[in-house]
Amino acid sequence: MVETWAFGQLWRNVTDHGIRPRFCYYRDSRGAEVDLLIEHREALTPVEVKWSATPVLNDLKAALSIPKGVLPLTPGIVLYAGTELHHLGHGCYAMPLSGI
């Protein structure tokens, strides 16, 4: 599964640099889910993993279901099967899976 591979790569890369974030998964009662939440420096960054070559800002819509007031939510990241870094809007980016 591509998500498992991506999480392993992310974990290895950040811990190799001495960073110790907390990784978790989010799913609400209506089924909205975020593939990965990275908690670091008292903020949450949502990460979605997509096998698509055409990422869009809407890929991060499930992050909107995270309850407010837990921790500040930073702009999200979509990891995708393409080759270019893309700005998706609202501070969110799409990053190639090959770049992690």
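User: What is Leu 79 in contact with, leaving aside its neighbours within four places in sequence?

Analyst: With those neighbours left aside, Leu 79 is in contact with Ala 6, Leu 10, Val 47, Glu 48, Val 49, Lys 50, Met 95, Leu 97 and Ile 100. Contact means heavy atoms within 4.5 Å. The model is a predicted one, where local features need pLDDT of at least 70 and side-chain atom pairs count only at pLDDT 80 or more, while totals for chains, interfaces and linings use all residues. Residues are numbered from 1 along each chain as its sequence is written, and side-chain values use heavy atoms, with hydrogens and water left out.

User: Why is Leu 79 called buried?

Analyst: Its relative accessible area is 1%. Buried means under 20%, exposed over 50% and partly exposed in between (1.4 Å probe, protein chains only). Since 1% is under 20%, Leu 79 is buried.

User: Where does Leu 79 sit, and how far is its C-alpha atom from that of Leu 97?

Analyst: Leu 79 belongs to strand S4, residues 77-80. A strand is a DSSP run of E with at least two residues, a helix is a run of H or I with at least four, and both are numbered from the N terminus. The C-alpha atoms of Leu 79 and Leu 97 are 5.4 Å apart, although 18 residues separate the two along the chain.

User: What makes up the largest nonpolar core?

Analyst: Nine residues do: Ala 6, Leu 10, Leu 36, Ile 38, Val 47, Val 49, Leu 79, Leu 97 and Ile 100. Helix H1 (2-16), strand S2 (33-40) and strand S3 (43-49) each give two or more residues to this core. Another core lies apart from it, with seven residues, among them Tyr 26, Ala 62, Ala 63 and Ile 66. A nonpolar core is a set of buried Ala, Val, Leu, Ile, Met, Phe, Trp, Tyr and Cys residues joined through side-chain atoms within 4.5 Å.

User: How do you know that S4 pairs with S6 and with S3?

Analyst: S4 and S6 share four bridges in the parallel sense, and Tyr 80 stands opposite Pro 96 in S6. S3 and S4 share three bridges, also in the parallel sense. Here Val 47 stands opposite Ile 77, and Glu 48 stands opposite Val 78.

User: Which strand pairs are antiparallel, and what is found in their hairpins?

Analyst: S2 and S3 pair in the antiparallel sense over five bridges, with Leu 37 opposite Pro 46. Their hairpin has two residues between the strands, and Arg 41 takes a positive phi near 55°. S5 (residues 86-89) and S6 are antiparallel over three bridges, with Gly 89 opposite Cys 92. In that hairpin, which also has two residues between the strands, His 90 takes a positive phi near 55°.

User: What is the order of the strands, and why do S1 and S5 count as edges?

Analyst: The six strands form an open sheet with mixed pairing, in the order S1-S2-S3-S4-S6-S5. S1 (22-27) and S5 each have a single partner strand, so one side of each is left without a neighbour in the sheet.

User: Why is S3 called largely enclosed?

Analyst: Seven of its seven residues are buried, so the rest of the structure largely encloses S3. Ala 43, Thr 45, Val 47 and Val 49 cover one side, and Leu 44, Pro 46 and Glu 48 the other. S6 (residues 92-96) has a covered face of Cys 92, Ala 94 and Pro 96, and an uncovered one of Tyr 93 and Met 95.

User: What makes Trp 11 and Phe 23 an edge-to-face pair?

Analyst: Their centres are 5.1 Å apart and their planes stand at 80°. Rings of Phe, Tyr and Trp (its six-membered ring) pair if their centres lie within 6.5 Å; planes under 30 degrees apart are stacked, over 60 edge-to-face and the rest tilted. Trp 11 lies in helix H1 and Phe 23 in strand S1, so the pair ties together parts 12 residues apart in sequence. Trp 11 is partly exposed at 38%, and Phe 23 is partly exposed at 23%.

How values were computed: Pairing = 2+ DSSP bridges.
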